[in-house]
Amino acid sequence: MNKKRGALFLSFIAFILFSTNVSSHNLSAMGSESAGWIYVGSHWPGRTTYYFDSTSDTWLQRFKNGESKFESESGYKFNLYQQSSTLTENYVDDYGCSSCSWVARRGFYSIDSDHPSRWRIQFNNTKTANSWTTVAAHEIGHIYGLDDVYESYNSGRLMFGVDTGTRYLNTIEKNALETIY
Amino acid sequence: MRKNKKAFWGLAVFGFGLSITLYFAEDSSPHGNSLTEEQIAEAKEAELEKRVATGEEIEISTDAIFPFLTEAELYAEADLVVLGTVSSLLHEYMIDTDVPFSEFSFTVDKYLKSNKNYNSSKKELNITQDGNTLSEFESYPLLEIGKQYVLFLKIHSEEDSEKLLIVGGPNGRYDIENGYMKQIGNLHQLNGISIDKFLTHIERKLTE
């Protein structure tokens, strides 16, 4: 009976460890402008990620709108959860930079300089946007490994690097995420 | 033996429950004032920024999304429109730990739009761009020394200083490659036209 319980427990642990489809290593260069997607060079090692907010309700809501958009358009294969700052080091904040030209930015940080150990998404609160929801979803796309695309024939994709307004995670980008993960 | 087992598992569950309760309990100072989640988050953010500032942690990649300006908006927002060449990198720096900038010296060949302070008498301009060699936006690369550009610039006054900024990042920057224009994202559908045609286009737009 004890042997059976032990085996069951070990099987459970193995299931947890191997079922999360985690890629803990950065991948080599993938994708291209002509393919409609580019791998950004690193990605969060898991489809689920957590964050705390260090921003106002307005900016948090804008981020959450983008979060909902990305989650639903990805078929809920990727999920973000807000947590207490005592539980995670990833965060969302806003920053006032009138001399900056960017509307929002994403950073990956690491101690060993190769794999990201945490991320940050930051909104520039001195700017206006055509669609903050799309901006937020776009930045989330970077967390999961998608780079900006800039050719005009990619201007309709979520990962087009300029805030032209509402855009959607399209089939090519969804397939790209599955390739990465 | 069964009673001992029951007692053991009962204690284990109690201990686990107690641990969870204590883990999620609010912090309290010796004076009995609890920190709010907002205060804790601010402190955490400051701690993380300090790690980057001290080099304990490094930024391994960064991306940004830039605004979109129509041509009309670009021309309206620009104080200066110049054709010229980047001559040197003057200075690169961070503000607030990790907001990167570079300042370039730019030799002006032609002013297409100017004002009383910036005109044909001023041949060298100092231009500020987002990003630097420590933290370069991958999709908005730094200006290259020796390369020719048409730049739409706005005068940005801050306290005691004045900067010339490229309007809307990629919106206000046109690279010249082998005599033809190239803009990141081809935002205004002018990629591939010759520099002469582009200058004529600008002059027409400025008179509209």
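Strands, as the word is used here, are DSSP runs of E with at least two residues, numbered from the N terminus. In that numbering, B:L83 belongs to strand 2 (residues 80-95) of chain B. The model is predicted, and the values that follow are computed from it.

B:L83 has a relative accessibility of 8%; buried means under 20%, so this residue counts as buried. Its contacts, leaving aside neighbours within four places in sequence, include B:F106, B:T107, B:V108, B:D109, B:K110 and B:L112. Further along the chain, B:L83 also touches B:Q148, B:Y149, B:V150, B:I176, B:I195 and B:L199. For B:Y111, the C-alpha atom lies 6.5 Å from that of B:L83, although 28 residues separate the two in sequence.

The chain around this residue can be taken next. Chain B contains four helices and eight strands. Along the sequence they follow the pattern α-α-β-α-β-β-β-β-β-β-β-α. Chain B is more spread out than a compact globule, because its radius of gyration is 27 Å, well over the 17 Å that the globule rule gives for 208 residues. Taken along the principal axes, the box filled by its C-alpha atoms is roughly 95 × 40 × 30 Å. Of the 208 residues in chain B, 42% are buried. Among contacts in chain B with a separation of 6 or more, 59% join residues 24 or more positions apart.

In chain A, 54% of the 181 residues count as buried. Residues 24 or more positions apart supply 68% of the chain A contacts with a separation of 6 or more. The accessible surface of chain A is about 7800 Å², with 54% belonging to carbon and sulfur atoms.

Strands of a sheet pair through backbone hydrogen bonds, either parallel or antiparallel.

Within chain A, strand 5 (residues 91-95) is largely enclosed by the rest of the structure, because four of its five residues are buried. Strand 5 of chain A runs parallel to strand 3 (residues 48-54) of chain A, and three bridges join them. In this part of the sheet, A:V92 of strand 5 stands opposite A:D53. Strand 5 of chain A also pairs with strand 7 (residues 118-124) of chain A, again in the parallel sense, over five bridges. A:Y91 has A:R120, in strand 7 of chain A, as its bridge partner.

Strand 8 of chain A pairs in the parallel sense with strand 1 (residues 58-67) of chain B over two bridges. There, A:V162 stands opposite B:F66 of strand 1 of chain B.

Note on methods
Residues are numbered from 1 along each chain as its sequence is written. Chains are lettered from A and ligands numbered from 1 in the order in which they are written. This is a predicted model: local features need pLDDT of at least 70, side-chain atom pairs count only at pLDDT 80 or more; totals for chains, interfaces and linings use all residues. Side-chain values use heavy atoms; hydrogens and water are left out. The radius of gyration is taken over C-alpha atoms; the globule rule is 2.2 Å times the number of residues to the power 0.38. Buried means under 20% relative accessible area, exposed over 50%, partly exposed in between (1.4 Å probe, protein chains only). Contact means heavy atoms within 4.5 Å. Two strands pair if DSSP finds at least two bridges between them. Accessible areas come from the Shrake-Rupley method with a 1.4 Å probe; for residues, only the protein chains shown count as cover.
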